[in-house]
Amino acid sequence: MDTATQTLVRVRKMQPEDIPAGRELSRQQNWPHRAFDWEFLFRHGSGFVADADGQVVGTTLVWPFGDNGGNLGMVIVSPRMQGHGIGSRLMEAALEALGDRAVYLNSTEEGRALYTKFGFEPVGRIFQHQGLVDAVPLIQLRPNERVRPIGRNDRSVVADLDRRATGLDRSRVISSILDTAHGVMFDSNNSPVGVGFLRRFGRGYSVGPTVAPDALAAKAIISHWLGSKAGKFCRIDVPESSGLSAWLEEIGLPRVGSVTTMVRGEPLVTSADAKVFSLINQALG
């Protein structure tokens, strides 16, 4: 970074009044986040901004989830300020805030070199599917399986399913989603073994997070939500390992992009019978 830019730009903690500027930066990247989406992300974590003489020219957000892991996202630098090391300074602040936790993020191709520089390594890919949903075929369930609305007594079960699937304590975020989104449980032999949500996001609706024991259960949850929004714009972000991408293409929801999941530190241990089949969003995982 040249001396003039170093003098001009300072990295400071993000404040609620910085959200409109952050949203404008994401709009410049053609990201779909509404003001509510930014507020949701900031409310459950914290962040840093690059401030150039009172103007926000860069952002990053962090989410510590318990003592062992966390997420990092919304790393944006204004196009006119790129190439001056601002992204590195934001990363330094974010990683200092997260300490020695295992840190996950989802990287665009453009950002991968920066994250590699800070010790992140690829561990998977996420496929983004979106579009207008037509009629979605019903999934034939196995005996003693059903999809049902989330009940009042399911809250702790939902948080536990998410914890087992991710290795992270995201209970605060999950509680907020339970309060603001539509949700269903997947039962097998009268036991809740899966969960999935439909939320407003960006241009329309987002299906996720979805946690299930296997792909058929995940398809039953996802098809329930997509079928309820026929003719509406829907988005879903699925791990490559889920095996759902080809199925989503078949039912008319095209793949429009992908990002690389990366981790700094040792990946967390997750359960074999509760797996993530769709994300909350690419920032939170």
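Mentor: First, a term. A residue is buried when its relative accessible area is under 20%, exposed when that area is over 50%, and partly exposed in between. Keep in mind that this is a predicted model.

Our part is helix 7, with its surroundings. Helix 7 covers residues 171-180. Its buried residues are V173, I174, S176, I177 and L178. What do the buried residues of helix 7 pack against? Two helices are on the list: helix 3 (35-43) and helix 6 (155-166). Three strands are there too: strand 3 (55-65), strand 9 (191-201) and strand 10 (204-212).

V173 has a relative accessible area of 2%, so it is buried. Which residues does V173 touch, leaving out those up to four places away in sequence? They are F40, H44, F65, I280 and L284. Follow F40 from that list. F40 is one of the buried residues of helix 3, along with D37, W38, L41 and F42. Helix 3 has several covers over its buried residues. They include helix 2 (19-28), strand 2 (46-52), strand 3, strand 4 (69-77), helix 7 and strand 9. For a sense of distance, look at V173 and A217. They are 44 residues apart along the chain, and their C-alpha atoms are separated by 23 Å.

Now I174, also in helix 7. I174 has a relative accessible area of 2% and is therefore buried. Beyond residues up to four places away in sequence, I174 touches V158, A159, D162 and P209. V158 lies 16 residues from I174 in sequence, with 7.7 Å between their C-alpha atoms.

V158, A159 and D162 are buried in helix 6, as are L161, A165 and T166. G167 follows helix 6 and has a positive phi, near 80°.

P209 is in strand 10. The peptide bond joining G208 and P209 is cis, with omega about 5°. Here is the background: most peptide bonds are trans, and most residues other than glycine have a negative phi.

Backbone angles bring us to two asparagines. N144 is not a glycine, yet its phi is positive, about 65°. It is found in the loop between strand 6 (121-132) and strand 7. Is N144 buried or exposed? Its relative accessibility is 56%, so N144 counts as exposed. N189 also has a positive phi without being a glycine, about 55°. The loop between strand 8 and strand 9 holds N189. At a relative accessible area of 52%, N189 is exposed.

Next, a charged residue. R148 is in strand 7 (residues 145-149). R148 has 15% relative accessibility, so it counts as buried. Its side chain makes a polar contact of 2.8 Å with the side chain of D154. Beyond neighbours within four places in sequence, R148 is in contact with D154, V184, M185, D187 and P192.

Finish with the rings. The charged end of R200 is over the ring of Y205, 5.1 Å from the ring centre. The charged end of R255 is over the ring of F127, 3.8 Å from the ring centre. How many aromatic pairs does the structure hold? It holds one. The pair is Y115 with F120, edge-to-face, 6.2 Å centre to centre and 70° between the planes. Y115 and F120 are both buried.

Note on methods: Residues numbered from 1 in each chain as written. Heavy atoms only, no water. Buried < 20%, exposed > 50% of the residue type's maximum accessible area, 1.4 Å probe, protein only. Helix = DSSP H or I, 4+ residues; strand = E, 2+ residues; numbered from the N terminus. Contact = heavy atoms within 4.5 Å. Phe/Tyr/Trp six-rings, centres within 6.5 Å; stacked < 30°, edge-to-face > 60°. Lys NZ or Arg CZ within 6 Å of the ring centre and 35° of its normal. Polar contact = N/O pair within 3.5 Å; in protein donor to acceptor, adjacent residues only side chain to side chain.
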